[in-house]
Amino acid sequence: MAKSPLEYIESLPREIIYTILIICLAVPLVKPLGLPVPISSRVKEWHQYVEGLPDGAYVLVSVDYGVGSLPALEPFMVATLHDLFERNVKVVIMTLYSDGPICYESLITKVNPDAYGKQYGVDYVFLGYIPGGETAMKAVAENLHAAVPTDYYGTPLNQIPMLKDISGASDFAMIISVTPSGDVAQGWIRQWVTPYGITYMSCVLAMMMPTMEPYYPAQVKALTDAGRAGEYEYLIGKPGSGIRKLDAFSVAHIMLIIAIIIANIAYFALKAQKKGGA
Amino acid sequence: MADIWTECGIWVAAILTIAVYSFAYRDNPLFKFAEHTFVGVAVGYSFVQAIRGVKTFGIDHLTAGEALYIIPIILGFLMYFRYHKTLYWLYRYGISIIVGVGIAASFVRDIETSFLAQIAATAGINIIKADPAATLGNIVFLAAVATTLYYFIFTFPMLHTGRAKTLADAGRWFMMLAFGYAFAKTVVTRYNLMLGRLEFLLFEWLKLPK
């Protein structure tokens, strides 16, 4: 027996839904609609903390993601590094993910520290992948030189000018972690915020926000999700990948809301029909 | 020459991306091939990083005269006894040290991080703010905390009957809202991941103008 239109809508093949979704996501990417970009208080707060760093302050930036979550997290990380390199601060970069070095290479190519006159070893350094998860965070906090003997390229830390006088967490003004993992984001609180009181800023995947919200703002001073990269790019005047995605987000959300409404109408109409027929 | 290799890499990445997303239609051999390739490459890369880690964080210290580093190296080596038929029990020493250190490192601070600091932060909220929306937000927040905690008091059944049940129901509604928020954020994350790949396909592979 042929399906009625309502039955067809209620059990719409997923291929059709996915095709519509891909169109909704792809078209605004190629042809941006130019929708307004309201900047949320979370992003403003993030920028204010970076802006408030004193000259010469040391910031630990942990690229705590791998290639699997790179498409979602990298735009925010790029914007953060742009914001940091605009200032006279020292940036120490590390990763707790074994494929983090790939992400670092991609990141630093996009940010291009040379354009800001930043020099490797003087203004920024990459320590590479530090295995051990939370124990690595603890080891770096207690004694950086003992925990990490060389940077990613094999240069002993005591030969890197900007790290000569750095011993551990108490020398850092701020820690920034961009990660898809709740355990990593919470680990920094346990190992750096609770014992040393370091200002901690965390950017997580949107789906991790409910996990991290309880720690904000008492323990995580600035907390945002990576989907807000476009707002950050707009705020600091560095348009990139994030801002291109904003229109696509809006169109896809509208499509999803319409789909939910149509499916619900179909569901209730069918229910009423069956009740009437019975 | 380098450009040709970059272009080859882009083509391989694009084909594998499409192969992975073909799962949205249904499971197929192309998806399986891409999945296994990804796992294989990830394992290979992680293996090299692990070797590098053993050298940097172990062997280098040992050769520099720090003899105590022999202990973690031996413990690490013991873990491979997992594959030995009779001496397999030796791997437990390595595992137990790793688990013990990990738990000790996180647990000691977790009481303060996940309980005491949050209780203090919640109790210390100034409800009245200059912004009426913030004041309302604080009231809703405190109501959500109180009613959700109330919902989980199972020791006294009478707290879940009659009029008192309203409080537990309110807690359940707040939890449902939180789960809805979490689900919505999951959708946003999936969009974000997919947009990253679409961006690659459209601008790096098909080279459409940005």
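**Exercise 1. The interface**

Task: Describe the contact in this predicted model, to which chain A gives 58 residues and chain B gives 46 residues.

Solution. Step 1: The size of an interface is often expressed as the accessible area lost when the parts come together. Here chain A and chain B bury about 4,400 Å² between them, and 66% of this lies on carbon and sulfur atoms. Of the area that chain A buries against chain B, 12% is supplied by L29(A), R190(A) and M207(A), more than by any other three residues.

Step 1: Turn to the pairs that cross the interface. The rule finds 20 residue pairs in polar contact between chain A and chain B, both residues being at pLDDT 80 or more. The elements that give two or more residues to the side of chain A that touches chain B include α2 (14–30), α8 (182–196) and α11 (241–277) of chain A. The largest share, nine residues, comes from α2(A). By class, this side of chain A has 35 nonpolar, 11 polar and 12 charged residues.

**Exercise 2. Salt bridges**

Task: Compare a salt bridge within chain A with one that joins two chains.

Solution. Step 1: Over all chains, a search of the whole structure finds 16 salt bridges. In one of them, K110(A) pairs with E74(A), with the closest N and O atoms 2.6 Å apart. Because K110(A) lies in helix α5 of chain A and E74(A) in helix α4 of chain A, the pair ties together parts that are 36 residues apart in sequence.

Step 1: Consider accessibility. K110(A) counts as partly exposed, at 48% relative accessibility. E74(A), with a relative accessible area of 6%, is buried.

Step 2: R190(A) lies in helix α8 of chain A and D110(B) in helix α4 of chain B, so this pair joins two chains. Their side chains meet in a salt bridge at 2.9 Å, N to O, and both R190(A) and D110(B) are buried. Across the interface of chain A and chain B, the rule finds four salt bridges.

Key. Residues numbered from 1 in each chain as written. Chains lettered and ligands numbered in written order. Predicted model: local features only at pLDDT ≥ 70, side-chain atom pairs only at ≥ 80, totals over all residues. Heavy atoms only, no water. Contact = heavy atoms within 4.5 Å. Buried area = accessible area lost by both parts, 1.4 Å probe. Polar contact = N/O pair within 3.5 Å; in protein donor to acceptor, adjacent residues only side chain to side chain. Helix = DSSP H or I, 4+ residues; strand = E, 2+ residues; numbered from the N terminus. Nonpolar A, V, L, I, M, F, W, Y, C, P; charged D, E, K, R; others polar. Buried < 20%, exposed > 50% of the residue type's maximum accessible area, 1.4 Å probe, protein only.
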